[in-house]
Amino acid sequence: GVSFTEEYMVTVAVSRFGTLTEVMSFDSPSLNSTTPPNSPTSGGKSLTIRGRNFGARDYSCKARVAGDTNSRQTSINGGTAFEATRWLSASILACKSPRGLFSNYPIALSLSSRTSTISQSLTFDMPTIFASIFPNGPSAGGSTSLVLGSNLGWIDTSLSARIGSTSCYTTQWLSGSSVTCLIPLGDGIMRDIAITLFRMKATLSMAFSYNTIVLDFAQPQTSNIPANITTSLTALGKNFGNDPILAGSPNLRVGGTSCVSTNWISDSSLACFASSGFGASQSITLTNRGRTSTVSNSITFDIPNVVEIVPILNVSTPYFIAIRSFALFTTLSAAISGTSTRSSEWMSESS
């Protein structure tokens, strides 16, 4: 038997009998283990429940995943009957797992009017993501990336996706193995993609990159600029970032010299105050967050210009003269009619 109490009837002689109720009970069913202890979120996996006192025959016992008291959706997080429960013996039941999420659920067995529970005996597979289709997009965002994985739920459970630390504009559940993310605005390369499903999180490292910065040209383009004063330049291109925070700290260089300052204007333009310099056909290079873009032969500084040659007063030797020109301090040499002077010393940008 399997009930709590049984009544006994005693028959004496032929027609006499007496009854005494609630004098005996049978041992309650007891659960020991579940094998295997894990199931996919879609359910349908064959499990074996072992224990004792399941009855000498099939008393229509029912097993279920016990309810999660912290859940607001018991149909997802617990309290769900197994898809099938079949009695095999007084110590073994064969079951098919239901759908579920999370881990460490208790299992409850109902047999007649009795219930037995074993705690932390069933887990469901954690969500995973393993690929991103269209793994790059513009820094302005707005494109769609398809994220592939497994155990993402059998219905839309309001999961959310992120690129780096920024949530997707929208996350759309497609199936238990795919979701779409409407890319947020951002910057940088090798960003992680993360999906959060209730209290669970799946991450795919270095899975998404924003389009690289592209420097097209600077204005004034291929023009001479003064060698001895700071000059304002405007760099044009794309993917510089949609706001100053996303733009980070861009750095423009003319030749090998950084601009005095580089200021973000828009996703396609930067302002630079180029310091003084010299030389022809200098490249302009933009560096930001580990990315670099260069435009060659873009800027030429004014060449030195000899204005006059004057003797230096109060100097005994006639070989000391002053050459007035416009040039910056650099390694220089002077020659007269093809013959180099004994020495050349820079005094200022004009002498």
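Okay, hi everyone. Remember that we're looking at a prediction here.

Let's start with the aromatic rings. How many aromatic pairs does a search of the whole structure find? Two. One of them is Tyr105 with Phe124, and that pair is edge-to-face, with 5.9 Å from centre to centre and 75° between the planes. Tyr105 sits in strand E10, residues 105–111, while Phe124 sits in strand E11, residues 114–124, so the pair links distant parts of the chain, 19 residues apart. Are these two buried or exposed? Tyr105 has 4% relative accessibility, so it counts as buried. Phe124 is buried as well, because its relative accessibility is 3%. The other pair is Phe208 with Tyr210: the ring centres are 5.2 Å apart and the planes are at 80°, so this one is edge-to-face too. Phe208 and Tyr210 are both buried.

Now, stay with E10 for a moment. Five of its seven residues are buried, so the strand is largely enclosed by the rest of the structure. What does E10 pair with? On one hand there's strand E6, residues 62–65, running antiparallel to E10 over four bridges. Ala63, for example, has Leu109 in E10 as its bridge partner. Then there's E11, also antiparallel, joined to E10 by six bridges. In that pairing, Tyr105 has Leu122 of E11 as its bridge partner. The hairpin of E10 and E11 has two residues between the strands, and Ser112 there takes a positive phi near 55°.

Next up, the inside. The largest nonpolar core has 40 residues, and Phe82, Ile129 and Ile163 are the ones touching the most other members. Strand E20, residues 200–210, gives this core its largest share, six residues. There's also a second, separate core of 16 residues, including Ile213, Leu215, Phe240 and Leu270.

Let's go back to Ile163. Leaving out residues up to four places away in sequence, Ile163 touches several residues, among them Cys168, Ile183, Phe208 and Tyr210. So where is Ile183? You'll find Ile183 in the loop between strand E18 (178–182) and strand E19 (191–197). With 0% relative accessibility, Ile183 counts as buried.

Methods
Residues are numbered from 1 along each chain as its sequence is written. This is a predicted model: local features need pLDDT of at least 70, side-chain atom pairs count only at pLDDT 80 or more; totals for chains, interfaces and linings use all residues. Side-chain values use heavy atoms; hydrogens and water are left out. Rings of Phe, Tyr and Trp (its six-membered ring) pair if their centres lie within 6.5 Å; planes under 30 degrees apart count as stacked, over 60 as edge-to-face and the rest as tilted. Buried means under 20% relative accessible area, exposed over 50%, partly exposed in between (1.4 Å probe, protein chains only). A nonpolar core is a set of buried Ala, Val, Leu, Ile, Met, Phe, Trp, Tyr and Cys residues joined through side-chain atoms within 4.5 Å. Contact means heavy atoms within 4.5 Å. Two strands pair if DSSP finds at least two bridges between them.
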